[in-house]
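Morning, everyone. Please bring up the structure on your screens.

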Amino acid sequence: SSGINAEYGDIQLDSKTTTVTCDLPQELDISSEDTWSCQEVLKTFREVIRQYEALWDALDDIDTSCWVIEPEPFSRGAVHRRIVVKEDVSLIVTLDPSQPNTLPRCRFLGSAKSIQPFQNLLDEKVDEWDAGLGIVENLSNILDMELPSKPAGENTAISIECGVCYCYDMMGQIPEISCNNDDCKQLFHVECLVEWFRGLPDVRQSFGTVFGECPYCSKPMHVQAIL
């Protein structure tokens, strides 16, 4: 048997099987090419990597210029970045691997009051996106601000875990509901918050909106969900 350790993955070949473990935006499928040599597999691997060079250049621009809090741990296979906009607002940008400098899918996370000004700017100035500029420069222009980079020091962590289950990723769902209380702003998974509301004696629902209290500060909250 023989093997190759590449920058973006590991390739193992023996007389019967070819195993490719890679950190790419999509799985590399060579299962039907069981007669390929190690050199042929590596050549294909490198050709696929070249397809993502523009994507990784765009993501590297974000990584070096912004305060990135996701993905954690770092992954070349991830096509998104979650960046800090301000203390209580973050932004998930998801790039198109085939056209990485075009307008990405943007999703602000934070309390409704905190994210609304940024969402308004994006909606108003979306036509100003210039694919000839970098992702960070475009976002800075549209949001009328310089996106913060991660400050030096140890105490720079931003809480992104759910305030009920204390986890971030729950079966692919991330905490996206935030308390509107400026002194709280705790994040929650939708399902966790609904389950919490279910335990309250005065929980109420109207047309799919469930009303309750923040588990942390007891201020009124609501979430779009069905009990």
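How many salt bridges does the structure hold? There are 6 salt bridges. A salt bridge here is a side-chain nitrogen of Lys or Arg within 4 Å of a carboxyl oxygen of Asp or Glu. Side chains of opposite charge can pair when their charged atoms come close.

A quick word on what you're looking at. This is a predicted model, where local features need pLDDT of at least 70, side-chain atom pairs count only at pLDDT 80 or more, and totals for chains, interfaces and linings use all residues. Residues are numbered from 1 along each chain as its sequence is written, and side-chain values use heavy atoms, with hydrogens and water left out.

Now some of the pairs. Start with D63 and R81. Their side chains form a salt bridge, 2.7 Å from N to O. D63 lies in helix 2, residues 53-65, and R81 in strand 5, residues 80-86, so this pair ties together parts that are 18 residues apart in sequence. Helices (H or I, at least four residues) and strands (E, at least two) are DSSP runs, numbered from the N terminus.

Buried or exposed? For that we use relative accessible area: buried is under 20%, exposed is over 50%, and partly exposed is in between, with a 1.4 Å probe and protein chains only. R81 is buried, at 1%. D63 is partly exposed, at 24%.

Next, E176 and R107. They form a salt bridge, and the closest N and O atoms are 2.4 Å apart. E176 sits in the loop between helix 4 (135-143) and strand 8 (177-178), while R107 is in strand 7 (residues 105-109), so the pair ties together parts 69 residues apart in sequence. E176 is partly exposed, at 29%. R107 is partly exposed too, at 34%.

D144 is exposed, at 54%. K125 is buried, at 15%.

Last stop, the histidine. Where does H189 lie? Look at the loop between strand 9 (187-188) and helix 5 (190-198). H189 is buried, with a relative accessible area of 1%. What does H189 touch, leaving aside neighbours within four places in sequence? Its contacts (heavy atoms within 4.5 Å) include C162, C165, C167, Y168 and D169. M170, Q173, I174 and P175 are also in contact with H189.
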